[in-house]
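Please walk through this structure with the model open beside the text. The account starts with the backbone and goes on to the contact between the chains, the charged pairs and the confidence.

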There are 2 protein chains.
Amino acid sequence: AVTGSSSPMSLSQCQPYWTSIDGDIDAHLKHAIPIRSPLSVFEPMHRLTFSAPYTTAPALCIAACELVDGHRDQAMAAAAALRLTHAAAFVHEQLPLTDRPRPKNRPTIDHLFGPNIELLTGDGIAPFGFELLANSDDPTQNNSERILRVIIEIARATGAQGRIQGRYNELELEYVQSEDEKWSHLAWINEVCKKKEGEMHACAGACGAILGGGSEEEIEKLRSFGLHVGILQAIGSMVKRGEKAHMEVVSGLRRKALEELKAFNQEKIGPISSLVEPELLLSVK
Amino acid sequence: AVTGSSSPMSLSQCQPYWTSIDGDIDAHLKHAIPIRSPLSVFEPMHRLTFSAPYTTAPALCIAACELVDGHRDQAMAAAAALRLTHAAAFVHEQLPLTDRPRPKNRPTIDHLFGPNIELLTGDGIAPFGFELLANSDDPTQNNSERILRVIIEIARATGAQGRIQGRYNELELEYVQSEDEKWSHLAWINEVCKKKEGEMHACAGACGAILGGGSEEEIEKLRSFGLHVGILQAIGSMVKRGEKAHMEVVSGLRRKALEELKAFNQEKIGPISSLVEPELLLSVK
């Protein structure tokens with residue numbers, strides 16, 4: 001179903017590339033959030049950051065930066081901030097609040113700490129991402145305008161019009177509708193997958209391109225690529241937990257995503273194009 | 001108990017100054033967070049932002065900016081961000097979590113929305129403060145370095161080593177100690193008031209001075225002034241809910257706060273000095 005001259009590389013061919021990126025982001029975060037005094041604050045922060053489910057958004061941010069000929073280091077703080085905001089949101093989404101029961105078909109997690117600590121830790125992790133970003137300002141590189149732009153991008157993607165709105169939609173679709181009129185997969189894809197994973201990956205693609213010095217056109221193409229990839233990833237986790245996704249939606253998303261890569265150097269798009277590979281839909285890390 | 005040549009102005013003398021600042025911050029925020037579509041997201045965001053208890057930190061930020069000869073507009077986004085992060089933290093502090101009962105002697109609030117919505121809204125309000133700040137970058141003013149510095153200041157004051165740590169301490173002092181060994185007021189002042197209201201006001205003083213173009217010495221003096229003022233304000237709310245504060249602590253804090261203002265133009269310190277006035281301790285807005 002893939003059109004165009006550029007056939008995506010398979011995920012296994014590109015695994016060394018993604019492993020190297022993920023290793024670098026991990027090392028950056030471990031350095032930024034050591035387990036240190038006061039332990040009551042930093043141990044939960046460290047452990048909850050590293051126990052959040054894997055997301056490809058931070059790696060996409062680095063790959064987008066490298067695709068526009070930027071250096072990996074230029075996008076590292078943004079990649080770390082994306083990991084942190086994802087972890088903060090995930091911790092809060094798992095909090096046991098008193099008003100509504102959890103739906104039966106959702107996986108539950110083992111809570112590492114009590115609800116008060118997990119609430120506070122999420123609240124501590126989120127601003128730390130912005131601190132890391134602002135701290136990555138380097139006067140010798142004259143990059144402060146780019147960093148301010150990326151702060152706006154990440155604040156929007158994680159805020160009331162981004163992930164938060166997706167989470168509102170998710171709660172509405174899960175709880176407000178009666179069991180009889182169970183949400184359709186298409187509503188889920190458009191209202192939840194798009195606002196959550198979609199816009200987070202769109203933000204990641206745009207931020208990587210901004211920090212790597214891409215043109216406005218490249219920034220918008222990588223934003224659109226990220227949007228499609230994020231929705232594909234979200235569909236991957238739906239498939240994983242046994243829900244049937246619309247296969248025509250999947251092939252449409254893949255086609256649109258690859259379309260955005262046509263304007264780039266075709267010798268360099270191999271790794272980033274592997275993010276649309278269907279094997280991802282069945283074996284998300 | 002006040003030493004030095006500069007006697008603080010009374011709060012009533014300065015009321016027009018503070019009213020004018022608070023009105024400007026309100027107008028700025030009402031413009032930034034209109035009630036708009038989707039209402040399910042923006043109505044709680046608007047209402048919870050404006051229903052949070054009053055804090056003097058944003059007004060102090062503006063006053064510090066004006067004291068170092070800055071324009072009010074230069075500190076407006078930071079003042080708005082301080083209001084937003086305060087509102088976000090307050091909403092989360094009031095969430096009904098399942099693990100621990102609320103202590104009996106604390107005031108409770110009327111919840112405007114359900115817990116899930118209040119959790120999400122707090123999560124949406126906090127990054128919006130950083131978005132406003134980053135958006136206030138004005139290339140014609142060449143102020144991006146100052147804004148990045150202020151983002152770091154506010155992220156730290158609201159994060160794991162600032163207000164979050166104060167909240168951890170508060171929970172520990174409230175719940176972990178048995179009723180018999182009720183926390184002492186001094187422990188409360190040092191572990192909670194200082195980390196929460198203290199460091200938020202310290203941050204406000206420093207940010208106002210940074211954005212107004214103050215020298216490093218002025219920034220540090222206004223940070224220290226803010227720290228003392230914030231602890232005084234927190235003691236004010238303890239007194240308001242019937243708890244005896246240590247009066248010698250109060251006069252020590254006032255003396256130290258006013259000491260920090262000695263290096264400034266004595267004709268301009270009247271309004272900002274009124275923040276240490278003891279009448280505030282009994283009539284916090």
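Helices, as named here, are DSSP runs of at least four residues, numbered from the N terminus. With that naming, P38(A) sits in the loop between α1 (11-32) and α2 of chain A. The bond joining S37(A) to P38(A) is a cis peptide bond, with omega about -10°. In chain B, the peptide bond from S37(B) to P38(B) is cis, with omega near -5°. P38(B) belongs to the loop between α1 (11-32) and α2 (39-51) of chain B.

Most peptide bonds are trans, and most residues other than glycine have a negative phi. D69(A), which is not a glycine, has a positive phi of about 70°. D69(A) lies in the loop between α3 (57-67) and α4 (72-93) of chain A. Its relative accessibility is 60%, so D69(A) counts as exposed. N142(A) is not a glycine either, and has a positive phi of about 55°. The loop between α5 and α6 of chain A holds N142(A). N142(A) counts as exposed because its relative accessibility is 68%.

Next comes the contact between the chains. On chain A, 47 residues are in contact with 47 residues of chain B. The area buried between chain A and chain B is about 4300 Å², and carbon and sulfur atoms give 66% of that area. Between chain A and chain B there are 11 residue pairs in polar contact, both residues being at pLDDT 80 or more. On chain A, the side that touches chain B takes at least two residues from each of α2 (39-51), α5 (115-135), α6 (144-158) and α7 (163-176). Of these, α5(A) gives the most, with 13 residues. Sorted by class, this side of chain A has 24 nonpolar, 13 polar and 10 charged residues.

Side chains of opposite charge can pair when their charged atoms come close. Between chain A and chain B, the count is two salt bridges. One of them is formed by the side chains of E131(B) and R156(A), at 2.8 Å from N to O. Over all chains, the count comes to 34 salt bridges.

In chain A, the side chains of E277(A) and R254(A) meet in a salt bridge at 3.2 Å, N to O. E277(A) is in the loop between α11 (270-273) and α12 of chain A, while R254(A) is in helix α10 (residues 247-260), 23 residues apart. E277(A) has a relative accessible area of 13% and is therefore buried. R254(A), at 12% relative accessibility, also counts as buried.

In chain B, a salt bridge joins the side chains of D26(B) and R83(B) at 2.9 Å, N to O. This pair links helix α1 of chain B, which holds D26(B), to helix α4 of chain B, which holds R83(B), across 57 residues. Leaving aside neighbours within four places in sequence, R83(B) is in contact with I25(B), D26(B), L29(B), F50(B) and P58(B).

Another pair in chain B is E93(B) and K196(B), whose side chains meet in a salt bridge at 3.3 Å, N to O. E93(B) is in helix α4 of chain B and K196(B) in helix α8 (residues 185-211) of chain B, 103 residues apart. Both ends are buried: E93(B) has 12% relative accessibility, and K196(B) has 7%. In chain A, salt bridges that share partners join E93(A), R163(A), R167(A), E170(A) and K196(A) into one network.

Confidence is the last point. The model scores ipTM 0.89 and pTM 0.90. Chain A has a mean pLDDT of 86, and 84% of its residues reach 70 or more. Within chain A, confidence is highest in α3(A), at 98, and lowest in helix α12 (residues 279-282), at a mean of 55. Residues 1-5 of chain A have pLDDT below 50, and this stretch has nine contacts in the model beyond near neighbours in sequence. Where pLDDT is low, the predicted coordinates should not be read in detail.

Key:
Residues are numbered from 1 along each chain as its sequence is written. Chains are lettered from A and ligands numbered from 1 in the order in which they are written. Side-chain values use heavy atoms; hydrogens and water are left out. Contact means heavy atoms within 4.5 Å. Buried area is the accessible area (1.4 Å probe) that two parts lose on being put together, summed over both. A salt bridge is a side-chain nitrogen of Lys or Arg within 4 Å of a carboxyl oxygen of Asp or Glu. A polar contact is a pair of N or O atoms within 3.5 Å; within protein, one must be able to donate a hydrogen and the other to accept it, and residues adjacent in sequence count only if both atoms are side-chain atoms. Ala, Val, Leu, Ile, Met, Phe, Trp, Tyr, Cys and Pro count as nonpolar, Asp, Glu, Lys and Arg as charged, and the others, Gly among them, as polar. Buried means under 20% relative accessible area, exposed over 50%, partly exposed in between (1.4 Å probe, protein chains only). pLDDT is the predictor's confidence in each residue, from 0 to 100.
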